[in-house]
Amino acid sequence: MISPELNVFFTPNDIKVRKTMPICFPEKNLSSSPKLLTKEEADSISFSLSQLPYILDYFSFPKNSPQAQAMEYTLAQCELEPIKGETRFCATSLGSMLDFALYVFGSNTRIKVLTTTHLKDQTALLQNYTILAKPKEIFAPRMIGCHTMPYPYAIFYCHSQSSENKVFEISLVGENGERVESAAVCHMDTSRWDRDHVSFRVLGTEPGSSPVCHFFPSDNLVWVSILNAM
C-alpha cells in the first residue's frame with residue numbers, strides 16, 4: 001500500500017494533455033510556516049549535528065521531544081555526502097540560498113524561480129488531477145530543487161545534479177474543480193540513485209531503467225539558470 005503523500009511521482013510518458021493521475025499536494029499554510037531568517041540572523045545560530053544539544057537548549061526543546069527528533073533528522077540529512085554528480089546544500093536563509101544558486105550557476109547568470117501555485121483555497125490533499133494544456137518546458141542548462149525541512153525556522157534542502165533534468169510548468173484541474181499551476185521536474189538519469197529510493201517502488205521501476213518525474217509542493221522552490229546576462 002502506497003502512502004497518499006507519495007502520489008507525486010510520474011514518468012515522461014504521463015506528460016500529455018488530458019492525462020489523469022492521482023496527485024497529493026500537501027496542504028501548506030504559509031502564514032504559519034517556520035519563519036525565514038535573514039542571513040545575518042541565521043549565521044548567528046549554530047547549525048550542526050554535533051551542536052544539537054546546544055541548539056535544543058537555545059530553542060528550549062527537551063532532548064527527546066518530537067521537535068528534537070525532527071531537528072536531529074534535518075541536521076543529519078544536511079550533513080550526508082552527495083552522490084556522484086550532485087551538489088547539495090542546506091540553506092538557512094534566502095540569502096544563503098541565492099548564494100548557493102550563484103555558486104552552482106555562475107555569477108553571470110540570469111535566474112528564474114518556479115513554484116507550485118493553487119489558484120484558490122485547497123480543499124483536498126489527494127485527488128485525481130487532469131493536465132489541462134500542453135505542459136511548458138523550461139529550457140535551462142541547470143536546475144536546483146529546494147525542499148523545506150522540519151526545523152524551528154525555515155530550512156531548505158537544495159540539490160543540483162550534473163545529469164540531465166527537464167523542468168516543466170503544468171496546468172492541472174482536480175476532480176473537484178481545483179486549479180493548480182505546478183512546477184515539476186524529470187530526472188532523466190537515475191542510474192546512480194539508491195535502489196531503495198521510494199520513487200522506484202511507486203513507479204515499479206529501478207535505477208537507470210526510466211526517468212523519474214515529480215511535482216513540487218507549494219512551499220518548495222525550483223531555481224533555474226536561463227541565459228547568460230549581457
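Mentor: Aspartate 14 is placed in the loop between strand 1 (9–10) and strand 2 (20–24). Helices (H or I, at least four residues) and strands (E, at least two) are DSSP runs, numbered from the N terminus. This is a predicted model, in which local features need pLDDT of at least 70, side-chain atom pairs count only at pLDDT 80 or more, and totals for chains, interfaces and linings use all residues. Residues are numbered from 1 along each chain as its sequence is written, and side-chain values use heavy atoms, with hydrogens and water left out.

Trainee: Is aspartate 14 buried or exposed?

Mentor: Aspartate 14 counts as buried because its relative accessibility is 16%. Buried means under 20% relative accessible area, exposed over 50%, and partly exposed in between (1.4 Å probe, protein chains only).

Trainee: And what is aspartate 14 in contact with, leaving aside neighbours within four places in sequence?

Mentor: Lys19, Met21 and Ile131. Contact means heavy atoms within 4.5 Å.

Trainee: What about proline 12, where does that lie?

Mentor: Proline 12 also lies in the loop between strand 1 and strand 2. Proline 12 is partly exposed, with a relative accessible area of 30%. Beyond four places in sequence, the contacts of proline 12 are Cys186, Pro211 and Cys213. Serine 210 is 198 residues away along the chain, yet the C-alpha atoms of proline 12 and serine 210 are separated by 8.9 Å.

Trainee: Which value does phi take at arginine 18?

Mentor: Phi of arginine 18 is near 75 degrees, a positive value in a residue other than glycine. Most residues other than glycine have a negative phi. Arginine 18 is found in the loop between strand 1 and strand 2, and is exposed, with a relative accessible area of 68%. Serine 60, in the loop between helix 2 and helix 3, has a positive phi of about 60 degrees and counts as exposed at 61% relative accessibility.

Trainee: Changing topic: which residues touch the most other members of the largest nonpolar core?

Mentor: Met71, Tyr151, Tyr153 and Ile155, in a core of 16 residues. A nonpolar core is a set of buried Ala, Val, Leu, Ile, Met, Phe, Trp, Tyr and Cys residues joined through side-chain atoms within 4.5 Å. Helix 2 (52–59), helix 3 (66–78) and strand 9 (155–161) are the elements that give two or more residues to this core. Helix 3 supplies the largest share, four residues.

Trainee: What does methionine 71 contact away from its sequence neighbours?

Mentor: Beyond four places in sequence, methionine 71 is in contact with Leu52, Ile55, Leu56, Phe59, Phe61, Pro150, Tyr151 and Pro152. Another core, of 15 residues, lies apart from the largest one and includes Met21, Ile23, Ile170 and Phe215.

Trainee: Where is glycine 174?

Mentor: Glycine 174 lies in strand 10 (residues 165–174) and is buried, with a relative accessible area of 8%. Leaving aside neighbours within four places, glycine 174 touches Gln127, Asn128 and Tyr129.

Trainee: Finally, how many helices and strands are there overall?

Mentor: The protein has five helices and 13 strands. Of its 230 residues, 44% count as buried. Among contacts with a separation of 6 or more, 74% join residues 24 or more positions apart. The C-alpha atoms fill a box of roughly 50 × 45 × 35 Å along the principal axes.
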